[in-house]
Amino acid sequence: TNIWYCGSGEVDGVSASKSYSAFYYGSGIYKSTDKGETWTHLESTSTLVNKASDWEAVFRVLVDPTRFDSNIVFAATKKGIMRSNDGGLTWKQSLKANNASYTDLSVTTSGVCFAAISSDGGGNVRGFWRSTDGVNWVNITASNFPSNHTRTLLAVYPSDENRVYF
């Protein structure tokens, strides 16, 4: 409970511009080891200010709740679902997307992961995914789901983790 993570970036633009086109490229992920009192920028996710990169938009950051050390960290980014086994020092792509406009992630208390990749994610990765280990993913997209979809947020129902909302 002492370790917190925060992703940065906003791809939808802001209300300060009439067209909502004023994007805020993020600078990666930040980590706190003292319940948010102080924050350290994770160099492994470092980006240049106002420059496009793999870490320009971090939609969600979650830890594996089955681990008490918070070393396994997942990040939903434009490149897909990233995974760190060392608390954010290094990252590997767990579920690859090709510059998806949006991704999202949810993890149950037993460590089952669910991911959403927008339809512009490229190839066969668009849609909804499930993983029991955060490494190997199975596509669970319904066959009749629209082929064109943008942002989908995920939530696991707290009292019945077999129920996931997309």
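**View 1. Threonine 77 and the residues in contact with it in this predicted model.** When neighbours within four places in sequence are left aside, threonine 77 is in contact with Asp54, Trp55, Ala57, Val58, Phe59, Met82 and Thr103. Threonine 77 belongs to strand β5, which covers residues 73-77. With a relative accessible area of 1%, threonine 77 counts as buried, because buried means a value under 20%.

**View 2. The open sheet of four strands.** The strands follow the order β4-β5-β6-β7 and pair in the antiparallel sense. At the edges lie β4 (58-63) and β7 (92-96), each of which pairs on one side only. On average, and with direction ignored, neighbouring strands of this sheet are turned by 25° against each other. Strands of a sheet pair through backbone hydrogen bonds, and this pairing may be either parallel or antiparallel.

**View 3. The pairing of strands β6 and β7.** Strand β6, made up of residues 80-84, pairs with β7 over four bridges, and the sense of this pairing is antiparallel. Within this view, glycine 80 can be found opposite lysine 96, a residue of β7.

**View 4. Cysteine 6 and cysteine 113.** Cysteine 6 has a relative accessibility of 37% and is therefore classed as partly exposed, whereas cysteine 113 is buried, its relative accessible area being 1%. The structure as a whole holds zero disulfides.

Technical notes: Residues are numbered from 1 along each chain as its sequence is written. This is a predicted model: local features need pLDDT of at least 70, side-chain atom pairs count only at pLDDT 80 or more; totals for chains, interfaces and linings use all residues. Side-chain values use heavy atoms; hydrogens and water are left out. Helices (H or I, at least four residues) and strands (E, at least two) are DSSP runs, numbered from the N terminus. Buried means under 20% relative accessible area, exposed over 50%, partly exposed in between (1.4 Å probe, protein chains only). Contact means heavy atoms within 4.5 Å. Two strands pair if DSSP finds at least two bridges between them. Axes are lines fitted to C-alpha atoms, for helices over the stretch in contact, and angles run from 0 to 180 degrees between N-to-C directions. A disulfide is a pair of cysteine sulfur atoms within 2.5 Å.
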